[in-house]
Amino acid sequence: KKIKLWMMLFCIGLLFVSGGVAEEIALDLTQLARFETASSLCWLDDSLYVLGNKGVYSWKSGSEKMNTVIVQDCPEDESEAAVWNQMLQLIFTDGEALYGLHPYSGMIKKIEGNAQTDVAEIQQEYLYSEDMEAYREIRQAVYADKKLYLLLGTDTYEEYDKTELYAFDLD
């Protein structure tokens, strides 16, 4: 028992001396685009992918700068409205590839290099509320076991603070 106690004290001492296991990372997205903010994160292989309101960026541990993967500039007028079809609200990974979800069309897009390819679609009945005449808020997303789990805001004003969980098979 004394050996176990000494081992535990030694391990606790190492944590205090080493400062724990957390790595402090300070990435400034405004260096990439003015007023840029992060809204979604995911790891794939050795890179952290960050979805901002103006693009998708990647960062490798140990690096001091981020790289732009995809630029998402908002259209200036209706002549550029097709740009909205490429806008993403969240990103996720299946462990092999990076994907993004368009919040209004329900299109799931595979992100390869700086290109997006449509690979699946979530039906509008889940994303759009006829009662509220508005799109439902996508609060969170998780990909596991070949399913995309979406935590959506409810589709009525009376139960606005509640959420509903849906699973979509992406095979």
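Modeller: Two strands pair if DSSP finds at least two bridges between them. A strand is itself a DSSP run (E, at least two residues), numbered from the N terminus. This is a predicted model, where local features need pLDDT of at least 70 and side-chain atom pairs count only at pLDDT 80 or more, while totals for chains, interfaces and linings use all residues. Residues are numbered from 1 along each chain as its sequence is written, and side-chain values use heavy atoms, with hydrogens and water left out.

Colleague: What makes S6 and strand S7 a pair, and which way do they run?

Modeller: S6 and S7 (residues 107-112) are joined by 4 bridges and run antiparallel. The rule asks for at least two bridges, so S6 and S7 pair. Tyr-99 has Lys-110 as its bridge partner in S7. The hairpin of S6 and S7 has 5 residues between the strands, and Gly-106 there takes a positive phi near 80°.

Colleague: Why is strand S6 said to be covered on both faces?

Modeller: In a regular strand the side chains alternate between the two faces of the sheet. In S6 (residues 98-101), Leu-98 and Gly-100 are on one side, Tyr-99 and Leu-101 are on the other, and all are buried. Buried means under 20% relative accessible area, exposed means over 50%, and partly exposed is in between (1.4 Å probe, protein chains only).

Colleague: What makes the contact of Lys-109 with Asp-118 a salt bridge?

Modeller: A salt bridge is a side-chain nitrogen of Lys or Arg within 4 Å of a carboxyl oxygen of Asp or Glu. The N to O distance for Lys-109 and Asp-118 is 2.7 Å, so the pair qualifies. Side chains of opposite charge can pair when their charged atoms come close.

Colleague: How many salt bridges does the rule give?

Modeller: The count is 5. Among them is Glu-164 with Arg-136, whose closest N and O atoms are 2.4 Å apart. Glu-164 lies in strand S13 (residues 163-169) and Arg-136 in the loop between strand S10 (134-135) and S11, so this pair ties together parts 28 residues apart in sequence. Arg-136 is buried at 6%, and Glu-164 is partly exposed at 25%. Another is Arg-139 with Glu-137, at 3.0 Å between the closest N and O atoms. Here Arg-139 has 30% relative accessible area and is partly exposed, and Glu-137 is partly exposed too, at 39%.

Colleague: Which residues lie nearest the centre of the largest pocket?

Modeller: Ser-40, Leu-90, Ile-91, Gln-140 and Ala-141, out of 15 lining residues. On a 1 Å grid over the protein atoms alone, a pocket is an open set of points with protein on both sides within 12 Å along at least five of seven lines, and lining residues have an atom within 4 Å of a point; a cavity is a set where a 1.4 Å probe fits but cannot get out. The volume is about 220 Å³, taken as the space filled by probe spheres set on the points, which are joined across faces, edges and corners.

Colleague: Which strand supplies the largest share of that lining?

Modeller: S11, with 6 residues. Strand S1 (38-44), strand S5 (90-93) and strand S11 (138-144) each supply at least two.

Colleague: How do you know that Ser-40 is buried, and what is its relative accessibility?

Modeller: The value for Ser-40 is 11%, which is under the 20% limit, so Ser-40 counts as buried. Ser-40 is in strand S1, and a polar atom of its side chain lies 3.2 Å from the backbone nitrogen of Ile-91.

Notes
A polar contact is a pair of N or O atoms within 3.5 Å; within protein, one must be able to donate a hydrogen and the other to accept it, and residues adjacent in sequence count only if both atoms are side-chain atoms.
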